[in-house]
Amino acid sequence: MNKIRVMIADDHAMVRQGLKTIIELEDDIEVISQAANGEQAVFLARSEKPDVLLMDINMPVLNGLQAIKILKEENSNCKIIVLTLHQDREYLIKTIQLGCEGYVLKDAESSVLIEAIRNVYNDQTYIQPNMSGELVKELNRITLIEQDSSITKNLTNREIEVLKLIADGMINKEIAKTLYISEKTVKNHISNIFKKLDVNDRTQAAIYAFKHNIKT
């Protein structure tokens with residue numbers, strides 16, 4: 001049986017040794033090399049060609065994110081699991097954007113790490129379960145931004161100008177004078193704005209403009 005060949009990149013020797021001991025309790029996994037910084041990780045990944053690379057983020061010379069970027073840009077075949085203390089959503093999203101296949105926290109049970117190694121080796125993505133909620137939050141946030149953007153895109157440039165002036169508290173006559181158009185044209189624009197934004201009055205339109213950064 002071919003074993004899963006794992007490389008560990010962490011700047012703490014005791015952490016590397018502890019991980020090696022845990023991993024090699026498994027019959028189907030072996031640790032083939034270790035790196036103490038990001039630069040070593042890149043060099044060894046190129047030469048040793050591990051199946052799975054466990055990568056810390058905070059390391060000297062090159063940090064984990066920089067090392068990941070280099071390896072992914074080189075189309076390295078090794079699957080990368082970020083093994084870190086960072087529970088911040090930003091780090092999780094950044095590593096996914098870089099193309100990492102897994103994200104596991106250092107305080108996780110050893111069974112979680114082993115499961116992650118096996119999953120990514122088998123071409124699956126593994127996000128530690130208690131971190132997946134952060135990913136869902138970010139995806140929801142992005143979806144809302146895209147929805148807001150699509151609504152705004154439905155407005156013409158002139159309608160956006162009118163909406164900004166509504167948010168400034170201008171009446172139709174003042175808007176017409178500012179934009180050098182007739183009051184009738186202003187009324188038509190406002191009618192279209194209300195319809196596209198699904199609002200009923202000027203106050204709601206103004207609130208929408210501020211809420212969605214059309215007017216700041």
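Trainee: Which residue with a positive phi follows α3?
Mentor: Asn75 comes after α3, and its phi is near 60°. The model is predicted: local features need pLDDT of at least 70, side-chain atom pairs count only at pLDDT 80 or more, and totals for chains, interfaces and linings use all residues. Residues are numbered from 1 along each chain as its sequence is written, and side-chain values use heavy atoms, with hydrogens and water left out.

Trainee: Why is Glu101 called buried?
Mentor: Buried means under 20% relative accessible area with a 1.4 Å probe and protein chains only; over 50% is exposed, and in between is partly exposed. Glu101 has 16% relative accessibility, so it counts as buried. Glu101 sits in the loop between α4 and β5 (102-105).

Trainee: What makes the link between the side chains of Glu101 and Lys72 a polar contact?
Mentor: A polar contact is a pair of N or O atoms within 3.5 Å; within protein, one must be able to donate a hydrogen and the other to accept it, and sequence neighbours count only if both atoms are side-chain atoms. The side chains of Glu101 and Lys72 are joined at 2.9 Å.

Trainee: How do you know where the buried residues of α3 lie around the helix?
Mentor: The buried residues are Gly64, Leu65, Ala67, Ile68, Leu71 and Lys72. Seen down the axis, they fall within an arc (of the directions from the helix axis to the C-beta atoms) of 160°, so they line one face of α3. What covers them includes α2 (38-48), β3 (52-55), β4 (79-84) and α4 (89-98), with contact meaning heavy atoms within 4.5 Å.

Trainee: What makes a space a cavity rather than a pocket?
Mentor: On a 1 Å grid over the protein atoms alone, a 1.4 Å probe fits in a cavity but cannot get out, whereas a pocket is an open set with protein on both sides within 12 Å along at least five of seven lines; lining residues have an atom within 4 Å of a point. The largest pocket has a volume of about 210 Å³, where volume is the space filled by probe spheres set on grid points joined across faces, edges and corners. Leu71 and Tyr121 are among its lining residues.

Notes. Helices (H or I, at least four residues) and strands (E, at least two) are DSSP runs, numbered from the N terminus.
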